[in-house]
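Please report on the fold and packing of this model. Keep it brief.

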Amino acid sequence: MSEHAAVGKLKQKFADAVLDVVEFRGETTITVKKEQIVEISRFLKDELGYNFLCDLCGVDYLGKSPRFMVVYNLYNISLKDRLRIKVPVEENDATVDTVCNVWSTANWHERECWDLMGISFNNHPDLRRILMAADWEGHPLRKDYPLQGPDREPYQGRLQ
Amino acid sequence: MAQTETMTINMGPQHPSTHGVLQLILELDGETVVKATPHIGFLHRGVEKLSEHRTYHQTIPLTDRLDYLAPMSNNLGYVLAVEKLLGITDEIPERAKVIRVMLTELTRIKSHLVWLATHALDIGAMTVFIYCFREREAIIDIYEKISGARMTSNYFRVGGLSEDLPAGVVDDIRAFAEKMDEYVDLYEGLLTGNKIWQKRTLEVGYISGEDAIDIGLTGPALRASGVDWDLRRDNPYSGYEDYDFEVPVYEEGDTFARYKARLIEMRESAKIMLQALDKLQDGPILADCPKVCLPPKQDVVNTIEGLIHQFKIITEGFEAPEGEVYVGIEAPKGELGYYLVSDGSANPYRMKIRPPSFVNLQALPQMVEGALLADVIATIGTLDIVLGEIDR
C-alpha cells in the first residue's frame, strides 16, 4: 500500500519530530514528539484538513519506556479520511500540552485521560476528574492499578 | 441602586428529564442560564478496564450495556473492530452481513423511538410517548425472538452471528418495516404542525456547523447543522455501500431541525431494512475461521472434536495479532468508535470506546448558555444522550 499523503507532508514540515510511521490493516499511525504536538495538530487541522478529532486516549505500556502513549484519532470530513497520531510520554514527566485550542472537543477527552490514565495536560482550561469521584485516588486504567480496586484481595473464584 | 445576583441551582442526578444520572449545575440570572456545568460518571462501571481482563468474545456482552437503547449497534462496532484487527473483514458471510445491517437499522429505529418519546414527554406532549413505546415494544419482541433477551441482545459474534434467525421472525420484521412510514406519519401529525411543539423547538439549542465540528458533535445532531457526513455512506462497513438510502441534512441547527432529521432517518432505516430483507439469502452465518468462531452447536453435542473446539475457544479465546485499529460506525446517536490495541494475547490490551453521547453532551453548555431554563430540558432531549455509554 502506498504511503499516506499526510506522512510526506509532516516529514517535510516537521522533519525532526516524526519518530515512527506504522501501517496496519490500512490504517496509518504516526508517532511524533510530544513537544511539538500542538504545532503539528494545528498544521494537520489547518493545512491538511483534519478538522475532526474523533477520539483522544492514553495507552499504558507498563514496563516499556516511554511508558505511555497519547493517541489522537483524527478524521478529515471533506476527504473522509482517518489518521492516527501518537505521542510518547515518559512516566516521570507524564504531561502533554493540551490541544483544546485546536479542537475544542479535546477538553473532555483530556479530562478523561487525566482521570483514568493519570496523564496531565498543560494549559488545559479545566483539568478535573470527569468519570471518577472528585476525591478518588489513583488512575484506574493504569496497568498497575488492580482490577478489583485498591485495598482488596484479587478475586480467586468462588470455590476457594 | 438595584443589584442582581445570579443563583446556582442543582439539576439531577435524579431528575426525570436528564435521561439518567446526569447532574447539571446551573447558574441562573432569573430564568436565563448564565453557565451550565455537567457532572457525569455516576454510572461508571469500568467497561474499558474490565475488557482488558476478558477474552475478545467475553467483551461483547459488556458492549450491550453501553448504549442500552441500541445494543446491536454497540455489538456491531465492537465485532467490526475485532474483525479488522484479525484481518477477517472480507470473510464475513453475506447472510451475516445482511442480517447485521437489517438489525442495526431496526436498532436505530428503536433508539430514535425512545428519543422521540422522552423528548416529547419532557416538553409536554404525552401522547407521542405512548405511541412510540407501543412500536418499541414490537421491536423488543423481535429482539426477544432473535436473541432471547429483550434489551441486552449480545447477538453478534466475531466472525458473524451467534445463531441464525428463528423461523417466522423475518415476517415480523417485514411487517414492522412496512408500517414504519405510517407510524412516522402519525408522530408527525401529532408534532410537526403543532404550535406548542414549534414554539418549544424552533431556534432552541442552536449550534452552527463549524462549532459542531469543533466540539465533536456527530450523527443527526451534526447533520441538522448542515454538515453532510454519514459514516454509513462515506466510509461504508458491513456492506452499506449496496443499499440505497438518503441522508437528511438541515441547515437550521436547532432542535426542530434535529427532530426532522431523526424522523427521516427512521423512514430511511425502514427502507434499508426492506432492502436487506430482499437481499437475504440462505447461507452460513459464521465465517470459516475455526480459530476464531465457535463450532455449530450440533457438532459440540455430537462430536468430541466439536466439544474440544468449543472448549478451547471459550476458555482460552483466540489470539489477535499485535497492532492497533480504530473502527467508527454510524450508531443512532453519532459516531461510535472502538480503538483496540492488541499485544498479541487473547485479551484486548487496551480498548477505548468513543461514545457519541459523551462527546455530544460536551456541546450542551454552549447550546444552553444565554437560553431559558426550560430550553435546557429541550436541549438535553434533542442531544439524545444515554448515560450508560457516557459513563461506561
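Predicted model: local features only at pLDDT ≥ 70, side-chain atom pairs only at ≥ 80, totals over all residues.

Strand β2 of chain B covers residues 23-29. β2(B) pairs with β3(B) in the antiparallel sense, over 7 bridges. The two belong to an open sheet of 3 strands, ordered β1-β2-β3, with antiparallel pairing.

**Chain A in outline**

Chain A holds 3 helices and 7 strands. From the N terminus, the order is α-β-β-α-β-β-β-β-α-β. Further values for chain A are tabulated here.

| Property of chain A | Value |
|---|---|
| Box filled by C-alpha atoms, along the principal axes | roughly 60 × 35 × 30 Å |
| Buried share of the 160 residues | 40% |
| Share of contacts with a separation of 6 or more that join residues 24 or more positions apart | 46% |

**The largest nonpolar core**

In soluble globular proteins, nonpolar side chains tend to be buried together. The largest nonpolar core here has 153 residues. V70(A), L74(A), A81(B), V82(B), M102(B) and L340(B) touch the most other members. Helix α4 of chain B, residues 94-123, gives the most to this core: 15 residues.

Leaving out residues up to four places away in sequence, V70(A) touches G58(A), K86(A), V87(A), V89(A), V96(A), C113(A) and I119(A).

Conventions: Residues numbered from 1 in each chain as written. Chains lettered and ligands numbered in written order. Core = buried A, V, L, I, M, F, W, Y, C linked by C-beta atoms within 7 Å. Buried ≥ 20, exposed ≤ 12 C-beta atoms within 10 Å, placed from the backbone. Helix = DSSP H or I, 4+ residues; strand = E, 2+ residues; numbered from the N terminus. Contact = placed C-beta atoms within 7 Å. Pairing = 2+ DSSP bridges.
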